Amino acid sequence: MSNCIFCKIAAGEIPANKIYEDDDLIAFHDINPIAAVHFLIVPKQHIESLAHTHPRDLGILGKMLLLAPRLAAEQGLESGFRTAINTGKGGGQEVMHLHIHVFGGGKTGKMADVLAKL
Ligand code: 5GP
Ligand code: ZN
């Protein structure tokens, strides 16, 4: 997608504070973190949202989830972390390219307060 910011980050056209990359996925720190550690796991392939996934995406979805605890531990979140996937305008999604938020560190607030900031 030519006008998609996460496609541009995945293609290396715009810089990001990258923490992981393989053939299928990229992960980088959120530009506007809501916790001491806050990064995004993003498929390189443009998938608009979780509501736009199909059974053929099983592999990529599994890879994204499996990567979350591994990168969280590498980022110092051994004691635990939160994940969020905003889906569609009604779900507060602002960047229309599928991503998992992984965040934690510092004070663990109530879920509703934390998600209100996403
Ligand atoms: P959403 O609301 O779509 O679930 O979350 C999009 C997230 O992407 C937000 O937390 C926002 O701070 C982050 N974001 C938006 N643009 C950029 C960018 O250019 N670089 C990085 N690293 N994060 C971005
Ligand atoms: Zn995209």
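A residue is called buried when its relative accessible area is under 20%, exposed when over 50%, and partly exposed in between (1.4 Å probe, protein chains only). With that in hand, let's walk through the structure.

This is a predicted model, in which local features need pLDDT of at least 70, side-chain atom pairs count only at pLDDT 80 or more, and totals for chains, interfaces and linings use all residues. Residues are numbered from 1 along each chain as its sequence is written, chains are lettered from A and ligands numbered from 1 in the order in which they are written, and side-chain values use heavy atoms, with hydrogens and water left out.

At 3% relative accessibility, Phe28 counts as buried. The structure holds one aromatic pair, and Phe28 forms it with Phe6: the centres are 5.4 Å apart and the planes 75° apart, an edge-to-face arrangement. (Rings of Phe, Tyr and Trp, the last by its six-membered ring, pair if their centres lie within 6.5 Å; planes under 30 degrees apart are stacked, over 60 edge-to-face, and the rest tilted.) Phe6 sits in helix α1 (residues 5–10), 22 residues away from Phe28, and Phe6 is buried too. Phe28 also touches, among others, Ile9, Ile19, Leu40 and Val42, where contact means heavy atoms within 4.5 Å.

**The zinc site**

The zinc ion (ligand 2) is held by Cys4 (SG), Cys7 (SG), His46 (ND1) and His97 (ND1) at 2.0 to 2.3 Å. Donors are N, O and S atoms within 2.8 Å of the metal (3.2 Å for Na, K and Ca), and water is not among the atoms, so sites may look incomplete. The four donor atoms subtend angles of 104 to 116°, so the arrangement is tetrahedral, a label that requires all angles between 85 and 135 degrees. Here are the two histidines:

| Residue | Relative accessibility | Class |
|---|---|---|
| His46 | 25% | partly exposed |
| His97 | 0% | buried |

**Strand β5**

Now to β5, where five of its five residues are buried. Ile100, Val102 and Gly104 lie on one side, with His101 and Phe103 on the other.

How values were computed. Helix = DSSP H or I, 4+ residues; strand = E, 2+ residues; numbered from the N terminus. Tetrahedral: all angles 85-135°; square planar, octahedral: opposite > 155°, others 65-115°. Lists of a residue's contacts leave out its neighbours within four places in sequence.
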